[in-house]
Amino acid sequence: MIVAHLDLDAFFAAVEELERPELAAVPLVVGGDPKGRGVVATANYVARTFGIRSAMSCAEALRRCPETVFVPPRMSVYREYSQAVWTVVHEMIPTVEQAGIDEGYLDLEEVAPVFDDARALAEAVRAVVRARTRLSCSLGVATSKVVAKVASDRRKPGGLTVVRPGSEASFLAPFPIRILPGVGPRAEERLAATGIETIGALAALDDASLRQLLPGKVGLLLRERARGIDPRPLETSTERISISHEETFARDVSDPEKLHDELRRMSVRLAEHLRARGQSARTVTTKLRYPDFTIRTRSTSLRVAIDDAERIGELACGLLDRALRDRPGPLRLVGVGVSGLTDDAQLSLETASIVPVP
């Protein structure tokens, strides 16, 4: 496989700069109110020179640079620009997995089966996207999705990084463990406590050491990725695979009843979305963000998919309670999402198939 990961550079901020060119020369943050509980969604590259990063509180961004200009997100505008980008990409690359509004994977081998030709194709994609949409993108080209994604972040903005076959492990080895897709805060902390701070050190772990640090399939998967091995194909379905809602509070909330009420309210909206789409969901996930910006999620999956607001809310509240038992404390944000979406027609067939015949 020869795959590229395409990542639009500081996408939300870049769109705002196109709409208002005077913003290109100033530190710009797309996000919430710096006088409230807003969070940085995207910072332009001027703002990043002051240490402002995504997911930072807007209040902290303002402290780091009082001259920062803050604008609220305009998702409908960003979706229009995103659609224009992916239309351009599809004209050049037939098989694309759009992983988000501003990133995706491109099957270069389908068009250019020789690696050097694939590199030239990636360069052409980058140039055409810039010419047609005026947006900058960075690309990583490699033999797997995990390596391509790491590579695309190496030469931002507007760069191209190519990892040739056979050099995947050596390319990844010096990078900090946290940038390897799939390594969460808990795994990073556990590995760092034993001196495993680079991807190369994770790749070198023997089976016994790996089982002690990261037991089960997760450890084996992460070690494979650290070695540049990732057999996942591109997922080209255009169907929406999840729906979610979340709420950031003006003040941290510790009252379980209020948190439950928020989750139930969101569950009603989720159920309305599901029914409007003629779908049900098998998995419910609750998201928590603590005052230190630590994020925790808890999920549960069902044998039979649901679209009932009361049931979704019941499961979401139970997951919240479970997470708070693991780590008590006030919350800055809660959210609930559903995934494993199933068309109701298909659900009816599946349900019918398990009804005993008299």
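User: Which residue of β3 does V30 stand opposite?
Analyst: V30 stands opposite T42 in β3. The model is predicted, so local features need pLDDT of at least 70 and side-chain atom pairs count only at pLDDT 80 or more, while totals for chains, interfaces and linings use all residues. Residues are numbered from 1 along each chain as its sequence is written, and side-chain values use heavy atoms, leaving out hydrogens and water.

User: What makes β2 and β3 a pair?
Analyst: Two strands pair if DSSP finds at least two bridges between them. β2 and β3 have three bridges, in the antiparallel sense, so they meet that condition. Strands here are DSSP runs of E with at least two residues, and helices are runs of H or I with at least four, numbered from the N terminus.

User: How is β2 joined to β4?
Analyst: By three bridges, and these two strands run parallel. V71 is the bridge partner of V30 in β4, and F70 is that of V29.

User: Why are β3 and β4 called the edge strands of their sheet?
Analyst: The open sheet has three strands in the order β3-β2-β4, with mixed pairing. β3 and β4 each pair on one side only. From one strand to the next the twist averages 30°.

User: Which residues of β2 point each way, and are they buried or exposed?
Analyst: L28 and V30 point one way, V29 and G31 the other, and all are buried, that is, under 20% relative accessible area with a 1.4 Å probe and protein chains only (over 50% is exposed, in between partly exposed). In a regular strand, side chains alternate between the two faces of the sheet.

User: What covers the buried residues of α1?
Analyst: The buried residues of α1 (11–19) are F11, F12, A13, A14, V15 and E16. Their cover includes β1 (3–8), β2 (28–31), β3 (40–43), β4 (69–71) and α4 (75–92). α1 lies across β2, β3 and β4, at about 115° to β2.

User: What makes β5 and β8 edge strands?
Analyst: Five strands form an open sheet in the order β5-β6-β1-β7-β8, with mixed pairing. β5 (96–100) and β8 (160–162) each have a single partner strand, so one side of each is left without a neighbour in the sheet. The twist averages 15° from one strand to the next.

User: How many bridges join β1 to β6?
Analyst: Five, and the two strands run antiparallel; A4 stands opposite L106 in β6.

User: Which residues make the contact of α12 with α13?
Analyst: With contact meaning heavy atoms within 4.5 Å, those of α12 include L259, L263 and R264, and those of α13 include I312, A316 and D321. The residues of this contact divide into twelve nonpolar, three polar and two charged. Ala, Val, Leu, Ile, Met, Phe, Trp, Tyr, Cys and Pro count as nonpolar, Asp, Glu, Lys and Arg as charged, and the others, Gly among them, as polar.

Key
Axes fitted to C-alpha atoms, helices over the stretch in contact; angles between N-to-C directions.
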